[in-house]
Amino acid sequence: MKTILVTGGAGFIGSNFVHHLLGTTDATVVNLDLLTYAGNRESLEGLPSERHVFVEGDICDGPLVARLLDEHRPDAIVHFAAESHVDRSIDEPGAFIRTNVTGTQTLLDAALAYWQGGADHFRFVHVSTDEVYGTLAPEEPAFTETHRYAPNSPYAASKAAADHLARAWHRTYGLPVMITNCSNNYGPFQFPEKLIPLMLINALEGEKLPVYGDGQQRRDWLFVTDHCRAVERVLEAGEPGRVYNIGGNAEMANLDVVHLLCDLLDERVPVERPRRELIEYVTDRPGHDRRYAIDATRIRDELGWEPSVDFTEGLARTVDWYLSNREWWQRIRDGRYRSERLGVSRIG
Ligand code: NAD
């Protein structure tokens with residue numbers, strides 16, 4: 001029986017990972033999450049309480065992290081906690097430096113002391129993004145793990161800094177850290193500020209669909225449970241010090257994603273005029289990267305991981321999830337998810 005300390009497990013990918021791990025293994029999860037605006041305990045309903053310990057707390061709180069390691073003796077840390085929204089990083093970069101950089105350093109320090117104190121089998125997975133590599137020209141090959149770092153947004157720069165710290169804690173101190181760099185995720189429990197849930201909910205409510213610039217920014221898309229499977233593979237079998245790119249082989253222009261979403265919704269909830277007519281082009285985000293693409297050959301060849309959900313199927317599943325879980329996103333939209341928190345216990 002394994003115990004895993006998951007950070008950011010009330011966020012989008014973290015909560016999917018906790019559901020995945022507790023649903024498919026007999027592991028116990030200690031879930032450390034600050035419950036910022038992006039954290040939502042309602043995404044964790046239905047988990048087996050005897051194998052899920054939720055701790056509301058900050059990854060920047062070194063004594064708290066040390067105490068959790070000491071008390072629960074986890075076999076691994078899987079580190080998702082972050083400030084994750086690029087637009088917010090442009091308005092308020094300080095929060096990104098604090099959580100993504102200082103928070104990661106705090107976790108690495110506490111993990112190092114714990115590992116050096118005799119937790120020999122311990123492993124640390126640092127979850128990161130393809131945005132650290134910057135933008136690709138149309139003809140350039142997809143990012144491999146040796147692509148140069150060239151982050152362009154404050155969010156990407158803070159994640160790049162955290163990746164470098166994770167690498168250094170391995171190289172300098174020997175801490176068994178693996179780093180993953182994944183493309184854009186989508187699926188259940190994604191906060192409705194990100195492209196897919198934002199457009200989906202606006203389209204459903206008959207509101208405008210604000211598309212940045214010409215909508216021709218290209219991203220690779222991965223269904224969130226495929227990302228969870230990949231992180232689990234790296235946790236089990238990744239080589240310490242190694243970086244693994246994770247992607248869905250699904251490169252698409254943002255505008256095409258919005259078109260597909262509108263069409264899927266029109267099929268399911270017919271309206272008089274096609275929802276594509278709600279699209280409104282707005283001034284592009286400053287520093288907006290034109291293209292990301294991931295070469296995930298390494299994780300496929302070395303760890304046997306491949307995406308299992310193709311983009312159209314994953315998007316249809318996502319639309320169906322948001323249609324059947326209106327209460328989850330309506331409570332976010334009107335703020336009730338924060339004002340009526342369920343049984344939260346503050347530690348630290
Ligand atoms: P999210 O914003 O949905 O969730 C982040 C979680 O971290 C929230 O629950 C929040 O409360 C928590 N958190 C924030 N600051 C904290 C702190 N100081 N201490 C403890 N908890 C804190 O983010 P996400 O989309 O689930 O992303 C998770 C991770 O995966 C991030 O590290 C992100 O960089 C990475 N990633 C995301 C994507 C994507 O498409 N969403 C793609 C690749 C990598």
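**Exercise 1.** Leaving aside its neighbours within four places in sequence, which residues is Leu261 in contact with?

*Solution.* Start with the ground rules: this is a predicted model, where local features need pLDDT of at least 70, side-chain atom pairs count only at pLDDT 80 or more, and totals for chains, interfaces and linings use all residues. Residues are numbered from 1 along each chain as its sequence is written.

Next, take the term: two residues are in contact if their C-beta atoms, placed from the backbone, lie within 7 Å. With those neighbours set aside, the partners of Leu261 are Ile196, Met199, Leu200, Ala203, Leu315 and Val319.

**Exercise 2.** Decide whether Arg51 is buried, exposed or partly exposed.

*Solution.* First find Arg51: its place is in the loop between E2 and strand E3 (52-56). Strands (E) are DSSP runs of at least two residues and helices (H or I) of at least four, numbered from the N terminus.

Arg51 has 16 other C-beta atoms within 10 Å, so it is partly exposed.

Finally, look at its contacts: leaving aside neighbours within four places in sequence, Arg51 touches Leu22, Thr28 and Val29 by the contact rule.

**Exercise 3.** How far apart are Arg51 and Tyr212 in sequence and in space?

*Solution.* Along the sequence, Arg51 and Tyr212 are 161 residues apart. In space, C-alpha to C-alpha, Arg51 and Tyr212 are 43 Å apart.

Key. A residue is buried if 20 or more other C-beta atoms lie within 10 Å of its own, exposed if 12 or fewer, and partly exposed in between; C-beta atoms are placed from the backbone.
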